[in-house]
Amino acid sequence: MKQREGGRHIAEPGQIDTTHGPILYLENVTVSFDGFKALDDINLYLDDGELRCIIGPNGAGKTTLMDVITGKTRPDTGAVFLGNTLDLTAMREHEIVNAGIGRKFQKPTVFTQHTVFANLELASQGGKGVWSTLFAKLSGAERDQIESVADTIGLRDRLPTMAGSLSHGEKQWLEIGMLLMQDPRLLLVDEPVAGMTHQEVERTAELLTGLAGTHTVVVVEHDMEFVRLIARKVTVLHEGRVLAEGSMDRVQQDPRVVEVYLGT
Ligand code: ADP
Ligand code: MG
């Protein structure tokens, strides 16, 4: 752990202490917007390496939850910890990224005028800027990492392809690959299969389930067919609260869940 001037600890990837329990804790987290509680006393615990699906109707608080984890929104009350020691409410967004949390937004934001290879390369440099990285010499290790990530996301054959000419699904995978270049421990993925073909949906399911284990993966998703494909443990949010949690079968049979979400 690095120490900075203020004496605050900053984590580096791989320094998340999970020896005594979950990788992520949210306890009694409340977020209010003008008195309206987008999150209302939420508790959430994620085990290291698990794949968690978070579902719930529009306005349930799913995006706000991701915003709290990534430091974009500060909770009014409650605790948010990465491992045992890292208080995410005291860290800036880029510090949270550096600590090992990567977030993929719904819309892909790849550099369309660059190749798949260059996109992965740029992602690994973490914002040093396009030009310095494109002309810098790549080490063998960096090249290996790019190829290994390209394998993982199924785009090894597409490395020389311009990102702009990839299919929608391939762009989404590339963006997941760009997150993987940062070597995150926790991946937050917002509606990964929106707009994908059936085949792309299946490949995305394989990709995300394959990442679990070596990563903790949180998927926010509306597409229930997709959730059924990948689900282990599911958390159902409703009106800023955890309505139900458990296996897909269990939450699907919960009458409250049927009433507010699955039944509609
Ligand atoms: P979800 O992602 O599950 O659809 P959100 O987390 O986006 O839900 O929103 C939860 C609730 O909080 C919604 O009622 C939304 O209108 C409200 N909300 C979210 N962000 C803001 C904000 N910045 N200002 C005011 N209200 C907000
Ligand atoms: Mg949302």
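This is a predicted model: local features need pLDDT of at least 70, side-chain atom pairs count only at pLDDT 80 or more; totals for chains, interfaces and linings use all residues.
**Entry 1**

I looked up the strand order first. Four strands make an open sheet in the order S4-S3-S6-S7, and their pairing is antiparallel. I noted that S4 and strand S7 (86-87) are the edge strands; each has a single partner strand, so one side of each has no neighbour in the sheet. I then checked how S7 is held. Strand S6 (residues 77-82) runs antiparallel to S7 and is joined to S7 by two bridges. Leucine 82 is opposite leucine 86, which belongs to S7. I also looked for a helix against these strands. Helix H1 (residues 62-69) lies across S3, S4 and S6, and runs at about 115° to S3.

**Entry 1: the aromatic pair**

How many aromatic pairs are there? I found one aromatic pair. Tyrosine 25 and tyrosine 45 form this pair edge-to-face, with 6.1 Å centre to centre and 80° between the planes. Tyrosine 25 is in strand S3 (residues 24-33) and tyrosine 45 is in strand S4 (residues 36-46), so I noted the pair as a link between distant parts of the chain, 20 residues apart. I looked up the accessibility of each ring's residue. Tyrosine 25 counts as buried because its relative accessibility is 18%, under the 20% cut-off. Tyrosine 45 is at 35% and therefore counts as partly exposed.

**Entry 2: salt bridges**

I found twelve salt bridges in the structure, and I wrote down some of them.

- Glutamate 50 bridges to arginine 52, with the closest N and O atoms 3.0 Å apart; both residues are buried.
- Glutamate 95 bridges to arginine 92, with the closest N and O atoms 3.7 Å apart. Glutamate 95 is buried at 3% relative accessible area, whereas arginine 92 is partly exposed at 42%.
- Arginine 256 bridges to aspartate 254, with the closest N and O atoms 2.8 Å apart. Arginine 256 is partly exposed at 45%, and aspartate 254 is buried at 14%.
- Lys37, Asp40 and Arg241 are linked in a network of salt bridges.

**Entry 3: aspartate 190**

I looked up aspartate 190, which is in strand S9 (residues 186-190). Aspartate 190 is buried but has no salt bridge.

Methods
Residues are numbered from 1 along each chain as its sequence is written. Chains are lettered from A and ligands numbered from 1 in the order in which they are written. Side-chain values use heavy atoms; hydrogens and water are left out. Buried means under 20% relative accessible area, exposed over 50%, partly exposed in between (1.4 Å probe, protein chains only). Lys and Arg count as positive and Asp and Glu as negative; His and the chain ends are not counted. A salt bridge is a side-chain nitrogen of Lys or Arg within 4 Å of a carboxyl oxygen of Asp or Glu. Rings of Phe, Tyr and Trp (its six-membered ring) pair if their centres lie within 6.5 Å; planes under 30 degrees apart count as stacked, over 60 as edge-to-face and the rest as tilted. Two strands pair if DSSP finds at least two bridges between them. Contact means heavy atoms within 4.5 Å. Axes are lines fitted to C-alpha atoms, for helices over the stretch in contact, and angles run from 0 to 180 degrees between N-to-C directions.
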